[in-house]
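Look at the sequence and the model first, then work through the points below.

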Amino acid sequence: MSQTEYILLVDDDPDLRQCLVDILEDEGFVTQTAGTGREALALLQSPHLPSLILLDLMMPELNGWQFYERQQSDPRLAPIPVLVVTANRGTSAGIPPGSDVLWKPFSAESVLNKVHGLIAPTSGPAPPH
Amino acid sequence: MDTSSLSSITDVRPVAVVGPEPVRAESSLRILVVEDDPNVRDMLSLLLGTRWTVRTAPDAAAALALVKQAPPDLVISDVRMPQIDGITLLRRLRDEPGTRDVPVILVSGRAGEQETIAGLEAGADDFLVKPFSARELLVRVQTRLEVTAMRRRNAQQEAALDIMRRHTGWTERLLDSLPVPLLLLEPGDAQILFANRATIAMFGSRLTRGRPLHEFVKFRLPDDEGGGVMPAGDLAPSSSGARLQGRRLVCDTAEGTVWLMADSDLVPQIHDHRPVAVLTLRDITRLVRHEEELRRTVHLREEFLSIASHELRTPITTLGLQTEVLLRGHGQQAVKDDLRRKLTVIRNQVLRLDQLVSVLLDVSRLMAGRLVLTPENVDLVSVVNDSVDLVHDAAEQAGCAIVVRGATSIPGRWDKLRLGQVVTNLLSNAIKFGHGHPIEVDVQPAGERARLIVSDHGVGIAVEAQERIFKRFERASSERHFPGLGLGLWITKEIVEACRGTILVASRPGEGACFTVELPRET
C-alpha cells in the first residue's frame, strides 16, 4: 500500500464507505478511508498521497468544505483532484469551486466513470486481477 | 392634547375666510325721515334725496307702519312729535328684533340735556340739534351709514367663522373615529395642526399642536435601509416634496419599538382652507414580527431539508450501490435467476424511493421560491437522449417504444439537471398514461428558442382538465388507475417557467397527449 497510489474516501457513513471500497477495489483501485475531514487530513500527513479524494460534504468535526479549504491551501495537497459526493443539490452552501461532483444517489457505473475521468493516466489503476 | 390653548386645524384667519360684503350703491340705501313739521320734512327729504332713497312719515305711527313694510338703513326722527314722541319711537324700534340694529339719529329743537340723555339711554346712535347745516346733516348720516355697514360686515364674518369652526369640529370628530393614526401637519416643517385619537393612543398626550412633530417622536428608516431619521419634509410634503407611499418606518414609543407603514400626502389649498399635509401611520409591528418569524421558519426548514436530503439520500445510495454490486454478480459468481429477479425489484424500489425524495425536496424548494438554476453550456439533444436512457427500463416494461426525432444537436445555456428533470418528467408521464403505445420525442430549434415535443397515444386529457394538470396535487385521471403524488407536471411547469420558457398541452380524451416545451437558448 505504501508503495502504491490510492484513492482516499472521506465519508462519515461507514456503509456507503464500504460500498464504495467494494466497487473501487473490484475495479482494481486501492483505497483508504476516513470518517471525518480531520481523519483525512491526518492520513494526508503521510508522504504517500492519493491520486484522488472522494469527499462527502456533511461530516462531523471537520466538514467537507472546511477540509477542501485546508487541502487547497496546502501546496503539497492542492494538486490532488477532488470528487465531491453529496446529496445537497441546489442548497445555498454549494459545491466548492474547482471540485467535480457526484450527486447522491449515483450508480456504480457513474462513480467509476467519474473516477476514471479524474485520475491522471500515469497514475491509473492496476490492471484488474 | 391641550386643545384649549391652541387654534384648530383650519386656524381661522378672518381675512381669508370671508370676502368683503358687496358694496351697495349709495343711492339704494333707504333713509326714513320722521318729522311732524311738513317744512322741515320736505327740507330733509330734499337734502338727503340728493344721495339716498328717502321716505317720509309725519308721525311715529306712520313711521312704524313703513318700517314694518321694509326696514330702512337709517331712521332720522324728530324728538318732539304729537302723540308718540321720537324717544318712544326709538324704544319701539329697539324692542323689535327686526329693527333692533337700525341706526337712529334723533333731531331736537334745542340742546336739552335731558332729552339727549333720554335719547342715548334709549339707544340713539347720534343727535342733530336744530339748527344744523346741510353739510352737517349729510356728514352725520354718511358716517352713521358707514359704521353700520362695517358692523354688518363684521357680523357676517363672525357668522361665517362660526360655520367654519363647526365644520372643523365635525371633521376632527370624524378623524378621531378612525382606527388609524392620522396627523394633519404644516407642509414642510411638519408642525402639528391636528392629531387624531389613534395617534394620541400611540404616542401619548404630550403631542402639542403648533409644535413640530419631531420634537415628540423621531421616525427612522429600518436598519436594513440605513436607519436614518426621516426628514420633516417627507413626513409633511409641501407642493414640491415627495410623498411617502407605504414606507416602512420605525419609532420608539413608551410601549417599545413600533413598526409603521407611513403614507403622506398634501391636500392643496381648497377655497378658504390652506394647504395641509396628511400623514397616516399604520402600526405593522405584529406583521413585521410575523414576517421575521416566517423568515426564520423558512430558513430552518431549508436547513432541515438540506440535512434530511443528505440523511435520506445516503442510505438510498448505499442500498442502490449494494444491490447493483450484487446484480453484477460480485466478481465471477453468477447470480441465480430467482435472486436476480428479487434484486431487480429492490433496485427499482430504491430508484422509486429516490424519485419520491427528489419530488418532495423539489416541492419544498419551489414552494419556498428557492429554485436556484445554474446554467451551463448544454446540448438539449444529449439531455433528451440521457433521459430516454434513464426511463428505458420503465418504458420497456410498459411496452412503450420511444422514438427521438429532430435536430442532432441544439446547444444552449441551461441548468442541465433541471432540464433533464423536465424531459424525464414528461417521458415518465407519457409512459404512465400511454401504456402499450409508442412515444415520440421531437427536438427542434425555433429561432432563439428550442422546442421539445413529447407525444403519447394514451388515455389523453379532457379539455377541462388540461389547465388543472399543471397544478399541485392535481391529476386528470383517477388516483386508483394511475398512482402518484400528482406533482410531476407542476414541478415541470415551475422549472420551465423559471427558465423563462413555456409549456403547453394539446390533447383529446382517448387520443393521447402532446406536450410542447419552448425554452430560450440563452438564460
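This is a predicted model: local features need pLDDT of at least 70, side-chain atom pairs count only at pLDDT 80 or more; totals for chains, interfaces and linings use all residues.

On the face of α4(A) turned away from its buried side sit the exposed residues A:Glu109, A:Ser110 and A:Gly117. Residues are numbered from 1 along each chain as its sequence is written, while chains are lettered from A and ligands numbered from 1 in the order in which they are written.

**Helix α4 of chain A**

- Helix α4(A) covers residues 108–118, and its buried residues are A:Ala108, A:Val111 and A:Val115.
- Seen down the helix axis, these buried residues fall within an arc of 70°, so they line one face of α4(A). The arc is that of the directions from the helix axis to the C-beta atoms.
- The buried residues of α4(A) pack against β1, α1, β3, β4 and β5 of chain A, together with α9 of chain B.

**Chain A overall**

- Chain A has four helices and five strands. Helices (H or I, at least four residues) and strands (E, at least two) are DSSP runs, numbered from the N terminus.
- Along the sequence, the pattern of chain A is β-α-β-α-β-α-β-β-α.
- Chain A has 129 residues, and 36% of them count as buried.

**Where the chains meet**

- 17 residues of chain B are in contact with 17 residues of chain A. Two residues are in contact if their C-beta atoms, placed from the backbone, lie within 7 Å.
- On the chain B side, α9 (285–327) and α10 (337–367) each supply at least two residues.
- The largest share of that side, 13 residues, comes from α9(B).
- The chain B side divides into five nonpolar, eight polar and four charged residues. Ala, Val, Leu, Ile, Met, Phe, Trp, Tyr, Cys and Pro count as nonpolar, Asp, Glu, Lys and Arg as charged, and the others, Gly among them, as polar.

**Nonpolar cores**

- The largest nonpolar core has 38 residues, of which B:Val423, B:Leu427, B:Ile439 and B:Val454 touch the most other members. Such a core is a set of buried Ala, Val, Leu, Ile, Met, Phe, Trp, Tyr and Cys residues joined through C-beta atoms within 7 Å.
- The largest share of this core, eight residues, comes from α13(B).
- A second, separate core of 31 residues includes A:Val10, A:Leu44, A:Ile53 and A:Met58.

**The sheet in chain B**

- Five strands form an open sheet in the order β12-β14-β15-β17-β16, with mixed pairing. Two strands pair if DSSP finds at least two bridges between them.
- β12(B) and β16(B) stand at the edges with a single partner strand each, so one side of each is left without a neighbour in the sheet.
- β12(B) and β14(B) pair in the parallel sense over five bridges.
- B:Gly406 stands opposite B:Val443 in β14(B).

**A glycine in a loop**

- B:Gly399 lies in the loop between α12 and β12 of chain B.
- B:Gly399 counts as exposed because 12 C-beta neighbours lie inside 10 Å.
- The C-alpha atoms of B:Gly399 and B:Gly436 are separated by 4.5 Å, although these residues are 37 apart along the chain.

Notes
A residue is buried if 20 or more other C-beta atoms lie within 10 Å of its own, exposed if 12 or fewer, and partly exposed in between; C-beta atoms are placed from the backbone.
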